[in-house]
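Please keep the sequence and the model at hand while reading.

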Amino acid sequence: MERRLAAILIADVAGYSRLSQIDEEAARRSFNADLDELIKPRIAEHHGRLVKTMGDGLLVEFHSVVDALQCAIAIQREKARQKSASGDAMPLRFRIGVNLGDIIVEDEDIHGDGVNIADRMQTLAEPGGIAISGTTYDQVKTKIDAGFISLGRQKVRSIAEPIRVYRVVFDPAMARRFPQLSKRVRRGAVLAIALCLIAGGGAYLWHRLDIGETPAFVRRFAYPLPDKPSVAVLPFINVSGDSEQDHLAEGLTDDLITELSKVSGLFVIARHSVFALKGDMGKTKEVAAELGVHYLLEGTLQRAGPQLRINVKLIDALTGLSMWGERYDRQYADLFAIQDDVTGKIISALKVELNEGERTQIEKIPSDNLEAYDYYMRAEHEGLLYSDVETYRRTLSYYQKAIDLDPNFADAHAGIARVAVDVWRNDYNFLWSAAVARKIAYDAAGQALKLDPNNARAHTVLALLQLVDGREAEARESANRAVTAQPNSAEAAGNLALILSQTGNHDGAIAEIDRALRLDPSPSPSFQLLAGIVLYTVRDNRRAVPLIEAARDALPNAEPAREYLTAAYGFDGDRVRSAAEKTKLLELFPESNLTYYGYLYDYWRPAELEHHLTGLKAAGIPAWPFGFVGNDADQLDEKALRDLIDGKTWAGKHKNGTAFVQYFDKAGNTAYRSANTNITGTVDVKGNRLCERFSGYFLDRMVCGQVYRNRDAGDAQYVHVTPQALMFFSPAP
């Protein structure tokens, strides 16, 4: 069996099945004419070999990858000229893929991964366009008069590892007009530059835009259009004259986004990005251009007691034409039926095929109790803000009221889980202790999944809990389930990216966070911070820093924003800004120290943790709270530590002045009490370190510190330094 390196070109006619249904004989004549009059001469001209035709496709081998790509460009340019010069009723448009790789030769045929990847490139090309693999790009990027736009790493069928993909642009100058798609890709999805669904006469047929012939309006889009129908559900406008119904209009918007997000055949913009445009939606095309979508759904809601009127319209933003519109005059009790009808009409208008699982999920109503649903929508509205303790409490109360009215309301249980995991991870013990929050998060997520095994938010919460618990494989599985359940959820994709970044899969993390940012192009500050942390972790400070800076400016008291910027600026060599951020971090959180961060992120892969701690250390973050540095000669050894905790009571004060008492029994138990804290835990001596675990604190970690004799003037005989505190004490008599 012969193997060799070759350049492979695969071409296929876009939409051939539809053209055959219209006129099979004419479609075949057109294909044969193109093959004989255009394609074969170009193959010969560029020294290629036509291996075979495959229905409406063809496979070609070249010795030179430059020849292969030049042949592809020549074919597509000639086809573009034919189209503009001819009134042909049935023009054929080819997708072409090119790959440089290893092939297997059997007689006159060829196959193997080199051929398979070329075929996958062909599926990623636009009609009239060319997509190439990374191996091809590496060889031709400086040798051909064309432009290239990165589509990032794409996971393609039957190929184990993601493949770098590039779109070829005939005019190199045009490549500079588009953002590099590596910043906006969806893992496992097909991304293209200009997908247009043209409406006319009630029939909607797929047409792709020619490379180099994109209308000026589409060139103004902030992002290239995906290769699937892309939709933004704009915030429904409450025209009731009663602001009490605002949450109902927002809830309807949310639910339509959520339901459409479950459809893998659609691309749906996240709710924060559409709500960010609220009040600035006068011009349809400008909104579509800013969000990078082809279609907009807009509507109004009016409620008067039990009566409900909803007007809704689906607009093709490229043409400005309405594709579908309807007015619903119903009872409020019919709200779910209206949502189902609107969702179904959108899917039908865009000719999207649902799989059985998607159909089942969309048909499932969230709750059969409208009062419970009303409270749930109020909680979701509050949950956007999460700015203070009262907001958290209101959110929780609304979720709980929804559950009280409908104990089987899976989304409400998932909502409580989301709040609880936030409280637990950020140690917001003004609501619950960390131990209580952790249990609530696990229990609520588990109950949500018991009621709805495909609840994306519950899987997301479970993934975060499993990650911090050190269960990497389970965390990745749960995060992937969330993405599968809701393919268009920026929250689920961002969460998966975070987990991948902290468990060593940098390429996967980049792909997922790019996809999340494309789904949510105007993210909230908290999501900007998450995205920035992911990109910082995978060593892409160029993109990470602006995101974290934006989050810091919006959330000036957020510790992670200051912490990560301190390190990122240092890695970038910006000592001035690194020092400024460190100063602000220690001003806001004077206990900040390397030992604390080492314990806090102990579930990260060692390489990621070492990278972060190295950056913080270089910026001057101290090893212990308040910059404490002990004298080795004063540190207590193992025997002295054991004597100091053997049935002893300590009394003293924290660095901040808080008085405390701590008792140690002879069996390794301890009890700590201050003015506002009363906790029990366990204690152990490990060499010259005193290690403690208090249930519900510091993620239930065993945390070790050191004890020194206090040589400074004062009543305290000893200093106890831990990752969280600096305490001065003496044993009680």
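## The barrel and its strands

Strand 22 is mostly covered, with six of its seven residues buried; buried means under 20% relative accessible area, exposed over 50%, and partly exposed in between (1.4 Å probe, protein chains only). The model is a predicted one, in which local features need pLDDT of at least 70 and side-chain atom pairs count only at pLDDT 80 or more, while totals for chains, interfaces and linings use all residues. Residues are numbered from 1 along each chain as its sequence is written, and side-chain values use heavy atoms, with hydrogens and water left out.

Helices (H or I, at least four residues) and strands (E, at least two) are DSSP runs, numbered from the N terminus. The protein chain holds 26 helices and 24 strands. Of its 733 residues, 55% are buried.

Eight strands form a closed barrel in the order 17-18-19-20-21-22-23-24, with antiparallel pairing. Two strands pair if DSSP finds at least two bridges between them. In this sheet, neighbouring strands are turned by 30° against each other on average, direction ignored. Axes are lines fitted to C-alpha atoms, for helices over the stretch in contact, and angles run from 0 to 180 degrees between N-to-C directions.

| Strand pair | Bridges | Bridge partners |
|---|---|---|
| Strand 18 and strand 19 | five bridges | Gln-662 and Tyr-672 |
| Strand 21 and strand 22 | three bridges | Leu-690 and Gly-705 |
| Strand 22 and strand 23 | four bridges | Gln-706 and Val-721 |

Contact means heavy atoms within 4.5 Å.

Which residues of helix 26 are buried? They are Ala-640, Leu-641, Leu-644 and Ile-645. These residues lie on the same side of helix 26, because they cover an arc of only 125° around the axis; the arc is that of the directions from the helix axis to the C-beta atoms. Just after helix 26, Gly-647 takes a positive phi of about 70°.

## A pair of helices

Two packed helices are described by the angle between their axes and the distance between the axes. The axes of helix 15 (residues 434-451) and helix 16 (residues 456-468) come within 9 Å and cross at roughly 140°. Their crossing is left-handed, meaning that the near helix is turned anticlockwise from the far one by less than a right angle.

Among the residues that meet here are Arg-438, Tyr-442 and Leu-449 in helix 15, and His-459, Leu-462 and Gln-466 in helix 16. The residues of this contact divide into nine nonpolar, two polar and one charged. Ala, Val, Leu, Ile, Met, Phe, Trp, Tyr, Cys and Pro count as nonpolar, Asp, Glu, Lys and Arg as charged, and the others, Gly among them, as polar.

## Two loop residues with positive phi

Most residues other than glycine have a negative phi. Asp-107, however, has a positive phi near 55°. Asp-107 lies in the loop between strand 4 (94-106) and strand 5 (109-111), and is exposed, with a relative accessible area of 76%.

Lys-351 also has a positive phi, near 55°. Lys-351 belongs to the loop between helix 10 (335-349) and helix 11 (356-363). With a relative accessibility of 49%, Lys-351 counts as partly exposed.
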